[in-house]
Every structure is written in C-alpha cells, then in structure tokens.
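User: Please take a close look at a single part of this model and describe its surroundings in one connected account. Kindly give the cut-offs behind each term.

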Amino acid sequence: MSNSVADFFKKGNIETHKSGKNSFNSSNLVKGMILAAAFIGAGLNNDAQASNNYHRFGEPYTAEVVIAPGDTLQYQIVSTGFQKDSLLEDMVQNSVKTKTGAAVLKGVAKNGTTLQMGDAGANSVGFYNATNNRIVLNKNFSKDKLQSCLIHEGKHSIQGHNLGENDDAFYTFASTTIKNRAMEADAMMTQTMFSYELMQKGDSTAWKCLEKGYPWMTTAYTNNVDTCGTDTNKVMKNTMLAWYSEKGYVKSYDFTVANFYANLISKGSNNLIMEMACKEHNPDSVITKVCNMNGVPYAGTDGSLLQTKETFYIEQDMYKNTEALTQAMYNRVGRVDYSAWNMYVVNKNGVTLDVNYAKWMGLSRSQIKAYEKIKPQDTKADAKSNVKKDKKEASKTITLTQAINLLNNSRG
Ligand SMILES: [Zn+2]
C-alpha cells in the first residue's frame with residue numbers, strides 16, 4: 001500500500017510539525033472517528049412539513065415516514081436541493097418496510113442524527129460524522145449502493161450514541177482497533193441483514209450490489225439463515241464474525257486507525273501526546289453496546305470474543321507501522337504504546353498463528369521459519385508438527401553453509 005504510515009514518517013513530517021498545534025486540523029482528523037459532545041439541535045425547524053416542499057440548500061427540515069398504522073417517525077434532513085432530498089426520503093421510506101431498517105432509522109431519529117445527500121469523497125459511498133451527528137450519503141452514487149449504506153451509517157450513529165464518549169485519541173492502538181473493528185463488523189452485518197429482508201419484500205437491488213462487493217458477508221448470512229434458522233442472535237453473531245475473515249478489508253480499517261495516530265503524533269501538541277493512548281476500552285462493554293440490536297446484545301457480553309485469533313490479529317507490515325508510531329511517540333515525549341504486542345501474528349501465507357507479537361519477538365529464527373511455512377490448507381496437527389520438527393532441527397548443530405542459507409532465506 002502506498003502512503004503507508006512508515007512512508008509518512010520517512011517524509012519527515014515529524015520534524016516539520018514539531019510545534020504543531022496550529023497545523024493540527026482536528027476536523028480532518030476526527031472525520032467519523034471522534035465522538036463529539038452531544039449534538040445541539042439549534043436552528044432545527046421542528047415543524048413537520050410536507051415532504052415535497054422545496055428547501056434551501058443547507059436548511060434542516062423535519063420529514064415524516066409512516067412505519068405502521070399509528071406509528072409515524074419524524075427525522076431530520078439537511079437539504080441539498082429538491083431532487084436529492086426526495087431520493088433520500090424515498091430511501092428512508094423503502095428502508096422502514098423491513099424490520100432491521102425500521103429499527104435502525106428509529107435509532108437514528110432518537111439520536112437526532114441528521115441525514116444529508118452531499119460530498120463524501122470520491123470513493124466513499126457515505127459516512128457518519130460523530131462531530132456534527134450527521135450521516136452524509138454521496139450524491140454521486142446510485143440508489144442501489146446508497147440504500148444499504150444508509151442503514152450501515154445509521155448503525156454507526158447508534159453505536160456511537162450507545163458507547164458515549166469514546167474519543168479515539170485517548171485510547172491505545174489495540175483498544176481502538178478492537179472497538180473500531182467491532183463497529184465495522186456490526187455495521188456490515190446490519191447492512192447485510194437489511195438487504196436480505198428488503199430482497200424478501202421484492203427489492204433485490206441492494207442485495208445484488210452487496211453480493212458483488214462483499215460476497216463473504218452475503219454468503220455468511222445466507223449460510224447462517226440456513227443452519228441457524230430462527231435463532232437470529234446466532235445468525236447475527238456469526239455474520240458479524242464473518243467480517244473479520246476478509247483480512248484485506250480489515251487491514252484497510254487498521255490503516256485508517258494508524259493514520260489517525262500518525263497525524264496526532266506528528267501534528268499534535270506535546271500535551272496532547274502525553275495524554276493520548278493511555279486508556280483502554282472494557283471489551284465486555286464494547287461487545288455489549290456495539291453488537292446490539294434493539295437494545296439486546298446478540299453476541300453475548302463477553303468481550304474476549306473480540307480478542308481471539310479470529311478477531312484480534314494484525315498483519316506484519318501493519319504491526320511494523322504500529323512500531324513506527326510508538327517510536328515516533330517516544331521521540332517526541334518519551335512515551336510508548338506497545339498495545340499491538342498482544343495481537344496475533346499473521347504469516348506470509350495469510351494464516352493467523354497461535355502466537356502474539358510479544359511471543360513472536362522471542363522466537364528463534366528457525367521457529368519463525370517454521371511458522372512462516374504454515375499454509376491456509378494445513379490442518380492444526382500439520383501446523384503443530386511442522387513447528388515441532390523445526391524446533392528439533394534447530395537444536396541440532398548445523399554446518400556453516402546451512403547457517404548462511406538460513407540467514408539469506410530469512411532476509412528474502
Ligand atoms: Zn462503516
């Protein structure tokens with residue numbers, strides 16, 4: 001990946017922004033990551049209006065949607081002009097036909113989260129900005145993509161409000177990673193379940209779109225519906241966990257977190273860096289509040305599920321980025337954040353190993369080589385004997401040529 005965190009440091013950003021407070025652009029850093037204090041709905045027009053009225057650009061207005069006879073939901077839209085606003089209202093109307101869509105939009109309305117069609121960056125379908133409590137959907141994307149994105153971002157609003165104050169800057173890298181991964185896994189699960197329900201109501205556009213982009217989610221969901229049937233908690237839990245299986249996607253999220261810390265460390269004041277990365281989330285509280293549907297924790301209340309080999313791994317290049325981060329932090333204020341030490345190692349074949357980085361660093365060269373050999377298709381027993389065999393070999397004396405080969409191979 002280009003512009004990695006290590007590259008960021010190589011470019012000398014640390015030196016050039018030493019006194020950094022003025023150049024510390026918090027609005028860029030916090031986009032979607034920091035929860036601000038409660039949103040103040042000043043200036044909102046609370047009179048319910050007929051939804052087809054024209055509203056001026058940037059003007060907030062209240063829209064209504066009927067969920068069931070006698071159950072009308074009022075929610076806030078920030079206007080970007082007539083056509084796009086009505087598309088947004090259409091999508092809300094479509095969403096509440098499903099159980100999951102209605103639940104999420106009720107939560108969004110309760111939290112006072114505003115909805116807007118606008119600019120979300122070239123590659124982003126939408127985002128939830130906790131700072132101003134707003135969901136922005138990219139006006140340049142088509143309805144089939146935006147429809148389920150509304151529910152995904154809506155779930156992020158609910159998670160943020162459930163968690164309360166959780167400013168990422170003050171938490172360790174690993175702790176933020178646990179929380180952010182759970183948030184994304186849950187939002188993806190919710191989006192998938194919603195799209196499935198919508199398909200059952202006769203509209204399969206959102207599902208087809210999801211199937212193309214995130215097949216591991218749609219497959220996990222349908223497989224679990226088949227095997228778990230009416231045990232919806234189990235279906236939700238297993239689908240949420242399936243998100244972690246796609247390492248590339250997970251890594252792109254870790255990358256965002258690492259970049260966030262890189263910005264803080266390079267541009268933040270010394271005082272800020274002294275206070276950052278000190279706290280840890282209680283994982284029990286994270287799983288209870290984030291993996292939650294209608295107030296019920298569907299994946300249990302034991303946070304150790306978020307710290308297993310399946311959920312708490314980090315690839316070696318990303319791990320190196322966290323080392324670069326902690327080194328930079330040390331250089332500036334003499335503090336370190338070694339929390340990523342506890343995360344599980346992923347070998348070059350993409351297999352998550354039984355060892356964390358703390359243990360990995362203490363292994364001999366031959367033990368590391370044995371672990372690196374493990375392939376995805378190896379059984380647990382294969383992998384174990386592989387490592388054992390190599391341990392035995394390591395205790396034997398080796399020739400000078402063997403030693404040189406070993407050294408050269410480990411460098412490649
Ligand atoms: Zn998300």
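Analyst: A residue is termed buried if 20 or more other C-beta atoms lie within 10 Å of its own, exposed if 12 or fewer do, and partly exposed in between, with C-beta atoms placed from the backbone. The model is predicted: local features need pLDDT of at least 70, side-chain atom pairs count only at pLDDT 80 or more, and totals for chains, interfaces and linings use all residues. Residues are numbered from 1 along each chain as its sequence is written.

The part examined here is Cys 291, which sits in the loop between α13 and β6. Helices (H or I, at least four residues) and strands (E, at least two) are DSSP runs numbered from the N terminus. Cys 291 counts as buried because 28 other C-beta atoms lie within 10 Å. Two residues are in contact if their C-beta atoms, placed from the backbone, lie within 7 Å. Setting aside residues up to four places away in sequence, Cys 291 touches Ala 182, Asp 186, Met 240, Pro 297, Tyr 298 and Ala 299. Met 240 is 51 residues from Cys 291 along the chain, yet their C-alpha atoms are separated by 8.2 Å.

Helix α13 spans residues 283-290, and its buried residues are Val 286, Ile 287, Lys 289 and Val 290. The cover over these buried residues includes α6 (143-163), α7, β6 (292-293) and β7 (296-297).

The account now turns to the nonpolar core. Such a core is a set of buried Ala, Val, Leu, Ile, Met, Phe, Trp, Tyr and Cys residues joined through C-beta atoms within 7 Å. The largest one has 90 residues, and Ala 182, a contact of Cys 291, is among those with the most contacts inside it, together with Leu 137, Trp 243, Tyr 261 and Leu 325. Helix α7 gives the most to this core, with 13 residues. Domain 1 (1-24 + 168-351) and domain 2 (31-165) both contribute residues, so the core lies between them; the domain bounds come from an automatic or database domain assignment. Leaving out neighbours within four places in sequence, Trp 243 is in contact with Glu 184, Ala 185, Met 188, Met 189 and Met 217.

For the chain as a whole, buried residues make up 39% of the 412 residues. The chain holds 18 helices and 10 strands. Of its contacts with a separation of 6 or more, 64% join residues 24 or more positions apart.
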